Amino acid sequence: MKIIGFGINHSEIFTRQGLSPSVKFPRILGIECAGIIEETTDQENLPIGQKVISIMGEMGRDFDGSYAEYVLLHNEQIYAVETDLPWEILATILETYYTAYGSPLNLKVTQTDRILVRGATSGVGVTFLKLIKGQIS
């Protein structure tokens, strides 16, 4: 996958500070990315030139990640996307929206629940609030 853009996450900041003891250096960090398929073993689902995204899956931790020009990923970790979002926007929302979207699902939030979001000024907090308002209004 040719990397066009990636987000920078707190986990990577913590890793650079030495707070991720499982990460062995040298390592190229980066746990999320947006880009284009350059080589593939799955022409049917991931053809060359396809716009794709990837998040987590130990990218940037167990193997080199998205701060590189290219990244080698398992097909199961690559998601084809059809979007008109500019690369710089697409690359910034991946991990944030995935985390924010999964939170109310895991919490089993209902319309009668009252929710306090601490840290609602963070990207995940703001996104969580927007998604919750959309779900329960």
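Here are some friendly notes on this predicted model, point by point.

1. A word on the ground rules. Residues are numbered from 1 along each chain as its sequence is written. Because the model is predicted, local features need pLDDT of at least 70 and side-chain atom pairs count only at pLDDT 80 or more, while totals for chains, interfaces and linings use all residues; side-chain values use heavy atoms, without hydrogens or water.

2. Now the overall fold. The protein chain has 3 helices and 4 strands, where helices (H or I, at least four residues) and strands (E, at least two) are DSSP runs numbered from the N terminus. Their order from the N terminus is β-α-β-β-β-α-α. The C-alpha trace spans about 50 × 40 × 25 Å along its principal axes.

3. Buried here is under 20% relative accessible area, exposed is over 50%, and partly exposed lies in between (1.4 Å probe, protein chains only). Of the contacts with a separation of 6 or more, 68% come from residues 24 or more positions apart, a contact being heavy atoms within 4.5 Å.

4. K2 forms one with E69, with the closest N and O atoms 3.8 Å apart. This pair links distant parts of the chain, 67 residues apart: K2 is in strand 1 (residues 2–5) and E69 in the loop between strand 3 (51–55) and strand 4 (79–80). K2 is partly exposed at 24% relative accessibility, whereas E69 is exposed at 52%.

5. R27 forms a salt bridge with D64, and here the closest N and O atoms are 3.0 Å apart. R27 lies in the loop between helix 1 (10–16) and strand 2 (32–36), D64 in the loop between strand 3 and strand 4, 37 residues apart. R27 is partly exposed at 21%, and D64 is partly exposed at 34%.

6. Do look at W87: the charged end of K51 sits over its ring, 4.7 Å from the centre. The criterion is NZ of Lys or CZ of Arg within 6 Å of the ring centre and within 35 degrees of the ring normal.

7. Finally, helix 2 (residues 87–107) has 21 residues and reaches 31 Å from first C-alpha to last, close to the 30 Å expected at 1.5 Å a residue. Its buried residues include L90, L94, E95 and P104. Just after helix 2, K108 takes a positive phi of about 55 degrees.

Key. Salt bridge = Lys/Arg side-chain N within 4 Å of Asp/Glu carboxyl O. Expected span 1.5 Å × (residues − 1).
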